[in-house]
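Here's a quick briefing to read alongside the coordinates. Grab a viewer and follow along.

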Amino acid sequence: MASEVEKKAVFDIDSATEVVQELRASFVAGKTKDYEWRRTQLKAMLKMMDENEPQIIAALRDDLSKPELESSIYEIAMLKNSCKLALKKMKHWMMPEKAKTSLATFPSSGEIVSEPLGVVLVISAWNYPLLLSLDPVIGAIAAGNAIVLKPSEISPATASLLAKLVANYMDSSCIKVVEGAVPETTALLEQKWDKIMYTGNGRIARIVMAAAAKHLTPVVLELGGKCPVIVDSGINLQVATRRIIAGKWGCNNGQACISPDYIITTKDYAVELVDSFKCELERFYGKNPLESKDLSRVVNSNHFARLLKLLDEDKVSSKIVYGGERDKSNLKIAPTILLDVPQDSLIMNEEIFGPLLPIITVGAKSINSIDKVEDSFDLINSGTKPLAAYMFTNNKKLKEKFVEKVSAGGLVINDTTVHLAEPTLPFGGVGDSGMGAYHGKFSFDTFSHKKAVLYRSFAGDAPLRYPPYTNGKLRLLKALLGGSILGIIRALMGWSKA
Amino acid sequence: MEKSIAELRETFKNGGTKSISWRKSQLKALLQLINQNEDSIFKALDQDLGKSPVESYRDEVGVLKKSVTYTLSCLEKWVAPKKAEVPLLFLPAKAEVMPQPLGVVLIFSSWNFPFTLALDPLIGAISAGNTVLLKPSDLAPACMSFLVETIPKYLDNKAIKVVAGGADIGVRLLQLKWDKIFFTGSPRVGRLVMAAAAKHLTPVTLELGGKCPAIVDTLFTTPSKAKVTAKRIVGGKWGPCTGQACIAIDYLLVEEKFASTMIELLKKTIKRFYGETIKSLKNISRIVNKHQFQRLVNLLKDPNVANSIVYGGSVDEEKLVIEPTILLDPPLHSEIMSEEIFGPLLPIITLKNIEESINFINSKSNPLVIYAFTEDETFKKRILSETSSGTVTFNDSMVQFLCDSLPFGGVGQSGFGRYHGKYSFDTFSHEKSILHRSFYPEIEPRYPPWTDFKLLFIKLAYEFDYFGLILLLLGFKRS
């Protein structure tokens, strides 16, 4: 499924250098710092999405068979909201923040000034090719940077469309899209950037960070992980099931970094849970989910083969309790639920990123020998830290324990994935699920340098700062740094000697 | 060594560092360590760097005591989750951000402020609830030994460890997996640290250096201000470890016509602070070791550079002392003007107009601090918006280090990440977002099968067009 488009010229190291040079010149000339410029670019992006919605939906359908509603909402509407928020709040975000100064530096005043980092590189992923490309770009523009966007070649129709639209609507001297695959990305990574934001998998993230290390470039890595869902009993099962389905198959058919990856529930409850899933899945996708228009397909044959490998492993294939059907020519796999696959199976040891949902049970005589739901926290913590973790429960104590004990990028209780839409919550990972965060003001901050500024006056020059160093000065210094009133008064008397 | 780290991981996993009472007890113990061993600390700093007790108190002991006390008073506030606003559409829901420790962290510190740069990050790491391995620099051996021997006597050995050794130990440590690495040092080693961290996707904070310039605007109309400026420049160059500090003034920028006045003022101040000759030099640190001494002496070897010396220049190899030295307009392409000096040599670069200092500074990589002595508000604004540095300090030097409310860190080649005050706590924390939802009400349009109605509903919802939603639900809007 690699891009077949023949490029007119090869994008190599020289091309990359040229691009960076041009952007750096634009940045140094102050183009991107200007508030009006930032507003114009964000407005242009809004216009770009308004005027090209059908084309965007078509490209996403080409690349992923993404249902129109998912494209409209999770890609376009979310982006527009992000743009609008930035337009509304940008002035406020750009304002310096006052910092209180202490007696140790009296008299003085302090502030923290946001300034753009410079020329930044945004490398995005294929599953939400529009959102994951432009949402970081919104933050980078709001913060006043020049930008290169490198969309994923695994979603080529969207990548080409982005290249065309950005060139038509936005300021090409400051914002560029570079299409391509490994060679082009490598050429870009050789350059010196002021920040790199990468969304994708851990293997490539290591390569990105190692390349960034050569130039001491700070990075934001938005990765993934196995996002668990713990389902307690005594809840509204129908609502919980639907919300899990919405977060799993409703999000690009499970190909999303925050999609529920697997479920943990008690042995007793599992039967009810599976039944509820069967009922709701059929209600949503019909008796022949392979035919449903409301499900994305698997992105390409590589991933299709990968998912089948997970499904067809000997000790796993017998655990399918629902689904399992596949259509190779259309790259479709039906929503599939598995019950109690072994802990050492492939499907339990890599991020699934597809329409397969294993349910692991805990309880007396469970294969995990975990008795209670809350013991599953340890099971989760024994793996690498995921981007998100979810729990459905009405038990207040359990909620508190979950929040305290489980380490993940973000947590949601009694729902899945919706925290993505909450711009007041930082969205990012920890450990193997990444570093750094964005969304809302966090996007602005992530592409800014927060410069500390201290204003001092000439008055109040305490001689105890300077040599010759005497015991008397030492005493006074101790008092001043220790904040003792008497000592400070004495130190302040140094004023009159200025 | 692997065993030590396994123990740190075990302690963290078992929740040994989570409770606020544990964190407070460790911080109090650290304060006790400092209070009860002040003399030994002064002695070690004198041995390694020739620091006088006042300098040691001002730059190391006092700073640390202040940092611990501040952290203790704010810890409960910092640890508390912060509420985040939730839009109407999501209600009922509760959103918050909760700071959590990262896990097992590695701190590398530097030799020039061997206590501050080791223990200040340690304070942050403890306050955030992590277990820590501290690797002090072996180039300040007495201080390193002190830390290795004394920390286990006061702090929880299962959670906080110190390891002695040189670069080879550092390399071995970097092969292992950490949850965070905090590094203070040179850009060259910073690259190695980050490259090693990349293998494990370990987040890093790099506190590096750069050539910190001091811009001196026309201040000689008032003699008292000129005097204060001179004191602050001299104090900001030779005061901190005889210039061996990441935030020491590296070079001066001043208008041609004021150069000679500036030099005279500086000479007077230097003599008053440190003595008249290299033989009578006092109240000043020495160069840390022969390697650094040689490096600095080599900066003066170039005859064009040597010719530009207007004060000082004498060196004493045996005592590892270089007297405060001022140079006037050394060649701009010489090493002394392209490398971070990190020593007692102060080049003064003259300009026709002080506004040119902005372009001059921008021709070099972003420093950790830019100092500017000026009362021209327009010029101040220009400096702020047209240059980039970790920090900008107006009309003083060094003191921004004492300000717990200002983030301390670099940008570009001077590093990334920041600490001091709450920023230390944040740098060793993961801010976990949490969204609490309830089961009711349920919004049907969230679920397939998709219809035009559902599409329109969600579109309106995403635009927070509540009125539109009502119209739609009442049947007044068509899909």
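This is a predicted model: local features need pLDDT of at least 70, side-chain atom pairs count only at pLDDT 80 or more; totals for chains, interfaces and linings use all residues.

On bookkeeping, residues are numbered from 1 along each chain as its sequence is written, chains are lettered from A and ligands numbered from 1 in the order in which they are written, and side-chain values use heavy atoms, with hydrogens and water left out.

- Five of the five residues of strand S9 (residues 251-255) of chain B are buried, so the strand is largely enclosed by the rest of the structure. Helices (H or I, at least four residues) and strands (E, at least two) are DSSP runs, numbered from the N terminus.
- Strand S8 (residues 213-216) of chain B pairs with S9(B) in parallel over four bridges, and B:Pro213 has B:Tyr251 as its bridge partner. Two strands pair if DSSP finds at least two bridges between them.
- S9(B) also pairs in the parallel sense with strand S14 (residues 345-351) of chain B, over four bridges; here B:Val254 is partnered with B:Thr350.

- Chain B has an open sheet of six strands, ordered S5-S4-S3-S6-S7-S17, with mixed pairing. Strands S5 (160-162) and S17 (415-416) of chain B sit at the edges with a single partner strand each, so one side of each has no neighbour in the sheet.
- At the S17 end, strand S7 (residues 204-207) of chain B runs antiparallel to S17(B), joined by two bridges. B:Glu207 has B:Gly415 as its bridge partner there.
- B:Ser414 is in the loop between S16 and S17 of chain B and is buried, at a relative accessible area of 0%.
- A polar atom of the B:Ser414 side chain lies 3.1 Å from the backbone oxygen of B:Asn366.
- Beyond its neighbours within four places in sequence, B:Ser414 is in contact (heavy atoms within 4.5 Å) with residues including B:Leu206, B:Glu207, B:Pro367 and B:Leu368.

**Where the chains meet**

- The contact takes 104 residues from chain B and 104 residues from chain A.
- About 8,600 Å² is buried between chain B and chain A, with carbon and sulfur atoms giving 63%. Buried area is the accessible area (1.4 Å probe) that two parts lose on being put together, summed over both.
- On the chain B side, B:Leu201, B:Phe439 and B:Tyr462 lose the most area to chain A, together 10% of what that side buries.
- Strand S18 (residues 448-456) of chain A runs parallel to strand S16 (residues 391-394) of chain B, joined by four bridges, and A:Val453 stands opposite B:Val392.

**Salt bridges**

- Over all chains the structure holds 47 salt bridges, and the count between chain B and chain A is seven. A salt bridge is a side-chain nitrogen of Lys or Arg within 4 Å of a carboxyl oxygen of Asp or Glu.
- A:Arg456 forms one with B:Asp396, the closest N and O atoms being 2.7 Å apart. The pair crosses between chains, from strand S18 of chain A to the loop between S16 and S17 of chain B.
- A:Arg456 is buried at 7% relative accessible area, and B:Asp396 is buried at 0%.
- A:Asp432 and B:Lys177 form a salt bridge with their closest N and O atoms 3.8 Å apart.
- A:Arg243, A:Asp415, B:Arg437, B:Glu442 and B:Arg446 are linked in a salt-bridge network.
- Within helix H16 (residues 422-427) of chain B, B:Lys422 and B:Asp426 are four residues apart, about one turn of the helix, and their side chains meet in a salt bridge at 3.0 Å, N to O.

**Chain A in brief**

- Chain A has 17 helices and 18 strands, and buried residues make up 62% of its 498 residues.
- The C-alpha trace of chain A spans about 90 × 60 × 35 Å along its principal axes.

Notes: Buried means under 20% relative accessible area, exposed over 50%, partly exposed in between (1.4 Å probe, protein chains only). A polar contact is a pair of N or O atoms within 3.5 Å; within protein, one must be able to donate a hydrogen and the other to accept it, and residues adjacent in sequence count only if both atoms are side-chain atoms.
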